[in-house]
Amino acid sequence: MPRYELLNNVTHKDLRVVTRFGREYGDEVGLVPAFPTEFAELQREYPIFLRKDRDSGDWQAVALLGFESNENLFLHDGRWNANYLPGYVARGPFLIGFQQQNIDGELRNEPVIHVDMDHPRIRQGEAEAAQAVFLPHGGNSAYLEHITAVLRGIRDGADAGKAIFAAFDELGLIQPMKIELKFDEEHGADLTGLHGIDRDRLAALDAEALHRLHRSGYLEGAYLILASTHNLRRLMAEKQRRLRQQDAAAA
């Protein structure tokens, strides 16, 4: 279970975070949450789909990393083979929480950073290949500044996504996808529970609906999701390459 603490430069002055990747850090997953604030970056390398959150029933975007629940085809020898790292992965052991603060005589819930002290990436003191969170004299390290920007993008993206996906759903743009893949004669995959933007329904929208999406800034997101599905070919090619390696090793 996570053990979150409010991050501060006294209690956590020696905190370090491992930034390599692997099974031991929980990186072998087939899907990760994705956020509209990063769609422009994600769509260059990852297929983006939509699915309903089991608890809230809201639509949520996800980036596909592999064809099984514990398969990440972007992982290789402790590296992540992509130019862009999804924000949900890049945040590491950190997340945004809220704390009531008195600002100009008014109590407000302000966003603050929490850290999971039981996360497998956490190290204390001098640790090889681990990033310091704070500078020796207490200031934020460049790594923490980067994490802050990542968390801000996640928070803004999560808030924006609710309205964006609700608008897509209202117009009937979100439709289930039937994805049946064949990697070779013996291996394949059927991806279930994933939804996408229906290209034909998007093209058939009248001028008023299109203008409403464009004016709200939502239309670009629909096209980015559509464009991202071409990355399935890249993911399939990597899967086929690994299957050939397995066959060669077995022989």
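Among contacts in the protein between residues at least 6 apart in sequence, what percentage join residues at least 24 apart? The share is 69%, where contact means heavy atoms within 4.5 Å.

## Basis and overall picture

This is a predicted model, in which local features need pLDDT of at least 70 and side-chain atom pairs count only at pLDDT 80 or more, while totals for chains, interfaces and linings use all residues. Residues are numbered from 1 along each chain as its sequence is written, and side-chain values use heavy atoms, with hydrogens and water left out.

The protein holds 7 helices and 15 strands, taken as DSSP runs numbered from the N terminus (helices H or I of at least four residues, strands E of at least two). Its C-alpha trace spans about 60 × 55 × 30 Å along the principal axes. Of the 251 residues in the protein, 43% are buried, with buried meaning under 20% relative accessible area, exposed over 50%, and partly exposed in between (1.4 Å probe, protein chains only).

## Helix H3 and the glycine after it

Helix H3 covers residues 142–170, and its 29 residues reach 42 Å from the first C-alpha to the last, close to the 42 Å expected (1.5 Å times one less than the number of residues). At glycine 161 the helix H3 bends by about 30°, the bend being the angle between axes fitted to the seven residues ending there and the seven starting there. Glycine 161 is also one of the buried residues of H3, which include Leu144, Ile147, Val150, Leu151 and Ile154.

Leaving aside neighbours within four places in sequence, arginine 155 is in contact with Ile96, Phe98 and Pro111. The C-alpha atoms of arginine 155 and phenylalanine 35, which are 120 residues apart along the chain, are separated by 8.9 Å.

H3 is followed by glycine 172, which has a positive phi near 75° and sits in the loop between H3 and strand E12 (174–176). Glycine 172 is buried, with a relative accessible area of 15%, and its C-alpha is 7.3 Å from that of arginine 201, 29 residues away in sequence.

## Strand pairing

An open sheet of 3 strands has the order E10-E2-E11, with antiparallel pairing, where two strands pair if DSSP finds at least two bridges between them. Strands E10 (122–124) and E11 (130–132) stand at the edges with a single partner strand each, so one side of each has no neighbour in the sheet. Strand E2 (residues 15–18) is joined to E10 by 3 bridges, and leucine 15 has glutamine 124 of E10 as its bridge partner.

Elsewhere, strand E4 (residues 48–52) pairs with strand E5 (residues 59–64) in the antiparallel sense over 5 bridges, and arginine 51 has glutamine 60 of E5 as its bridge partner. The hairpin of E4 and E5 has 6 residues between the strands, and in this hairpin glycine 57 takes a positive phi near 80°.

## Helix H6

Helix H6 (residues 219–228) is largely enclosed by the rest of the structure, because 7 of its 10 residues are buried. The buried residues of H6 are Leu219, Gly221, Ala222, Leu224, Ile225, Leu226 and Ser228.
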